[in-house]
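Good morning, and thank you for coming. Please look at the sequence and the model while I speak.

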Amino acid sequence: MQGRLTLELGAIAVLSLSTAALWSTWQMEQTLATAHKQTLSYISQRFPEELALYDQHEGLASGLTTTIDKVAMAGLLAWVTDDQGRLLAQPKDDQNYQIVRNLVQSLPAAAQRLTIVHRDGRVWVLCEQPLTVRGRAIGRVYFAQDVSHDWHKLHGSLRLLWLVNGLAMVVALGAIGRRIRLALLPLATMSQVASAVSADDLAGARLELQGAPDEVRGLAQAFNEMLARLSRSWEQQRQFVGNVSHELRTPLTVVLGYLQSLLRRSTNLNDYQLQALTTAEAEADRTVRMLQDLLDLARIDNRQLHLRQAPIVLNTLLSEVTDWQRLACDRPIHLHLVAEDVVVLADRDRLTRAIRNLLDNAVKYSAPEQPVTLQLSHQAGWAAIEVRDRGMGIPPDQQARVFERFYRGEDEMTRSRDGTGLGLAIAKGAVEGMGGRIDLQSQPGLGSTFTIRLPRWHMPSASDSSVDPLINP
């Protein structure tokens with residue numbers, strides 16, 4: 001928008017300045033031409049009167065020569081011909097006279113001419129009119145004046161005018177671009193705030209535009225009020241989800257307990273009753289787990305997720321998780337560990353749950369014959385747990401949203417999968433609560449790699465023996 005406005009206003013400024021410069025150039029040329037034409041017209045009108053005086057005392061031939069010499073003192077060339085075009089008198093400046101006469105002869109014939117002619121880098125003002133003395137027709141008189149010096153001097157001034165005009169255009173374009181940039185700066189700031197704000201920082205996000213125009217400040221105020229309303233709505237939604245999940249989990253847990261008790265004492269149930277109880281128990285268990293996920297999300301949002309962190313040897317933990325996953329899915333899972341023990345400070349249950357969730361997703365979104373890789377590495381004080389599959393991959397436009405709650409892919413294959421879309425959001429919140437992070441690298445058709453990074457933990461030295469290795473925030 002800034003570039004487009006700069007170009008449009010710049011084009012208007014250039015057009016306006018160019019039009020003004022062209023009009024000034026034309027006007028100055030017309031003024032100079034008019035001044036010389038008026039001078040030549042006055043002299044041509046006075047020529048018969050001067051000739052009449054000299055003709056009375058000296059005769060026609062001598063009078064013509066004297067009058068032409070007097071005209072030459074004013075910087076003009078003059079010559080006279082009879083009606084048949086024979087030369088009666090000519091100026092003493094024979095060189096310029098021949099040039100001008102040839103020039104006149106090359107022009108279209110006219111009974112009376114007062115014009116400006118450009119030829120060979122020189123500028124001439126020409127005038128031709130009948131010559132009559134005391135009522136007697138003598139022939140035709142021609143006048144020519146070389147105005148090249150004045151004309152070139154004028155165009156030198158015009159070139160300077162165009163140079164100044166060009167500099168003014170450059171300055172105007174720079175000023176227009178800077179003014180537009182300053183005018184659009186509040187909108188750019190608003191765009192940055194709008195693109196950077198997330199649900200977690202709605203309450204603290206605010207747009208401050210000091211010195212902006214009143215209209216933009218009004219827009220900023222409306223934007224801040226909208227953020228405040230969104231923050232209140234988001235907080236109410238969090239509280240509602242947390243409260244509903246908490247209130248529903250207790251009775252559903254009781255129902256699940258009774259269902260499991262009935263299944264354990266199902267010796268006198270027929271097949272239909274047993275199938276119905278099994279289905280009800282599975283659905284109740286799934287619902288309780290989903291409510292627990294919602295409660296965990298609410299606690300993560302409120303930064304109240306309780307983590308029982310302790311030193312964990314990842315080599316052992318990943319071996320146990322791999323064994324469990326192999327039994328659960330009957331899928332080849334390749335485990336790659338390092339020789340030395342890698343210890344981190346983490347909540348064992350929640351970290352195990354996060355790794356299992358990543359493994360479950362890797363199994364779901366890859367073909368049955370494709371293996372899943374679980375790899376442990378460490379570098380620069382960080383431990384990395386990579387879960388890699390060779391499945392369908394994740395499109396680039398969806399990769400930024402996979403950690404959003406309830407988000408699931410938009411393709412038909414993804415819609416057909418089980419799940420609520422909460423696992424990755426919970427895993428991300430739990431890992432970040434342990435001081436780590438989860439990264440994603442994916443390429444459609446080649447698979448995905450989820451990486452959990454946690455800071456490594458080292459045994460405190462003797463000087464730090466008072467530090468308790470168990471941390472319960």
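Let me begin with a definition: rings of Phe, Tyr and Trp (its six-membered ring) form a pair if their centres lie within 6.5 Å, and planes under 30 degrees apart count as stacked, over 60 as edge-to-face and the rest as tilted. By this rule, the count is 3 aromatic pairs. One of them joins Phe47 and Phe143 edge-to-face, with 5.3 Å from centre to centre and 80° between the planes. This pair links distant parts of the chain, since Phe47 is in helix α1 (residues 2-58) and Phe143 in strand β5 (residues 136-146), 96 residues apart. Helices (H or I, at least four residues) and strands (E, at least two) are DSSP runs, numbered from the N terminus. Phe47 and Phe143 are buried; buried means under 20% relative accessible area, exposed over 50%, and partly exposed in between (1.4 Å probe, protein chains only).

Phe403 and Phe450 also form an edge-to-face pair, at 6.1 Å centre to centre and 80° between the planes. Here too distant parts of the chain are linked: Phe403 is in the loop between α9 (396-399) and α10 (412-415), and Phe450 is in strand β12 (residues 447-455), 47 residues away. Both Phe403 and Phe450 are buried.

A word on the source. This is a predicted model, in which local features need pLDDT of at least 70 and side-chain atom pairs count only at pLDDT 80 or more, while totals for chains, interfaces and linings use all residues. Residues are numbered from 1 along each chain as its sequence is written, and side-chain values use heavy atoms, with hydrogens and water left out.

For the whole protein, the secondary structure comes to 11 helices and 12 strands. Of its 473 residues, 38% are buried.

Which residues does Leu314 touch, leaving aside its neighbours within four places in sequence? They are Val342, Val344, Leu351, Leu376, Ala383 and Ile385, where contact means heavy atoms within 4.5 Å. Leu314 belongs to helix α7 (residues 314-329). Leu314 counts as buried because its relative accessible area is 0%. Leu314 and Leu376 are 62 residues apart along the chain, yet their C-alpha atoms are separated by 7.9 Å.

I turn now to charged side chains. A salt bridge is a side-chain nitrogen of Lys or Arg within 4 Å of a carboxyl oxygen of Asp or Glu. The structure holds 14 salt bridges. In one of them, Asp146 pairs with Arg122, and the closest N and O atoms are 2.7 Å apart. That bridge links distant parts of the chain, with Asp146 in strand β5 and Arg122 in strand β4 (residues 122-133), 24 residues apart. Asp146 is partly exposed, at 34% relative accessibility, and Arg122 is partly exposed as well, at 26%.

Arg326 and Asp323 form another salt bridge (3.9 Å, N to O). Why are these two about one helical turn apart? The reason is that Arg326 and Asp323 are 3 residues apart in helix α7.

Finally, consider Arg456 and Glu340, whose side chains meet in a salt bridge at 3.6 Å, N to O. Arg456 lies in the segment after β12, and Glu340 in the loop between β7 (333-336) and β8 (343-347), so this pair links distant parts of the chain, 116 residues apart. Salt bridges that share partners also join Arg46, Glu49, Glu50 and Lys70 into one network. Thank you for your attention.
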